[in-house]
Amino acid sequence: MQKVTAGSRDSVLAVRQSEIILDLIRSKVPGTETELVTMKTTGDKILDRTLDKIGGKGLFVKELDSALLSGRVDITIHSLKDLPAELPEGIRIAAYSKREDPCDVLILPDGISQLNDKLPIGCASSRRAAQLKALFPDMDIRPVRGNVLTRLKKLDSGEYSALVLAKAGIARLGLTERISREFTAEEMLPAAGQGIIAVECRKGNDHRFLELINDRESQICAEAERSFIKELGGGCSAPAAAYCIVEDDMIFVTGMDVKDGRVVKRSIEGKAENAEEIGRKLASLVSQAS
């Protein structure tokens, strides 16, 4: 019997996502024993500063990377959008989950039906903040830290008029009844990889069983979107975003960056087999936009 030890952040959402992956592994490889090791990352511990002030989203995976490279765990499970475009030496993404709805949603305080313009809208990324300013020009947009449940407590306690969160996380937590508005990708371009769960392993290890749970369409989207971010030179705290749609053997990708406070978007299409190259070409188009 094979045993797989997986590493995950200790938040309720991270554990739920890990359970999704481990359930898949057990269903595809009968007889496999699984163990989940959870840990609190640096990004989870520092909540009084925004991510760009403390080192970016990479702080959400630092401890997990160490556990993986040391052999303490066999695989690590993450929200793909939390993974830096450049992975540490010796680590690779071995599988991608089927993508949940990648769009963002607006959540109002429990029992409230309208925005309160006396309170700010809370969001955790410069990507969302830049796009929210266009959608709600008269509202104050402020950062909010903590896991999803922590942010919802802050919202319901009266600190914010609303939150903007990923629909995928809300759905996986069974909280879709809290959603007040779903943003289209045109209104709010999602983060690269949003809605996809990624499984990492050490390079050189035989983890062919992970191929059985890999979703090829998600992999294509991930390759296009992440190559766009990487080529653009955007770190984890940059306002850049990318979203890919797969139709048969074609992909349609939209990319976004912020220049001098202005949101710049461009789109491109091409063959799915060339996903990474198309992402790089799109980055060039956005970079050259005046």
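Leaving aside its neighbours within four places in sequence, which residues is cysteine 244 in contact with? In this predicted model, the list reads Arg99, Cys221, Ala224, Glu225, Ile251, Phe252 and Val253.

Together with Phe228, Ile251 and Val253, Cys244 is among the residues with the most contacts inside the largest nonpolar core, a group of 22 residues. Several elements build this core: α8 (216–232), β11 (241–247), β12 (250–259), β13 (262–271) and α9 (275–288) each contribute at least two residues. Helix α8 gives the largest share, with 6 residues. Elsewhere you can look for a second, separate core of 16 residues, including Leu22, Ile75, Leu210 and Ile213.

Stay with helix α8 for a moment, and you will find glutamate 231 there. Its relative accessibility is 47%, so glutamate 231 counts as partly exposed. Setting aside neighbours within four places in sequence, glutamate 231 touches Arg280 and Ala283. From glutamate 231 to aspartate 104 the C-alpha distance is 24 Å, and the two are 127 residues apart in sequence.

Now for the rings. The structure holds 1 aromatic pair. The ring centres of phenylalanine 136 and phenylalanine 183 lie 6.5 Å apart with the planes at 80°, so this pair is edge-to-face. The pair links distant parts of the chain, 47 residues apart: phenylalanine 136 sits in the loop between α5 (126–135) and β7 (141–143), and phenylalanine 183 in the loop between β9 (179–182) and β10 (197–202). Phenylalanine 136 is buried, at 12% relative accessible area, and phenylalanine 183 is buried too, at 2%.

Methods. Residues are numbered from 1 along each chain as its sequence is written. This is a predicted model: local features need pLDDT of at least 70, side-chain atom pairs count only at pLDDT 80 or more; totals for chains, interfaces and linings use all residues. Side-chain values use heavy atoms; hydrogens and water are left out. A nonpolar core is a set of buried Ala, Val, Leu, Ile, Met, Phe, Trp, Tyr and Cys residues joined through side-chain atoms within 4.5 Å. Buried means under 20% relative accessible area, exposed over 50%, partly exposed in between (1.4 Å probe, protein chains only). Helices (H or I, at least four residues) and strands (E, at least two) are DSSP runs, numbered from the N terminus. Contact means heavy atoms within 4.5 Å. Rings of Phe, Tyr and Trp (its six-membered ring) pair if their centres lie within 6.5 Å; planes under 30 degrees apart count as stacked, over 60 as edge-to-face and the rest as tilted.
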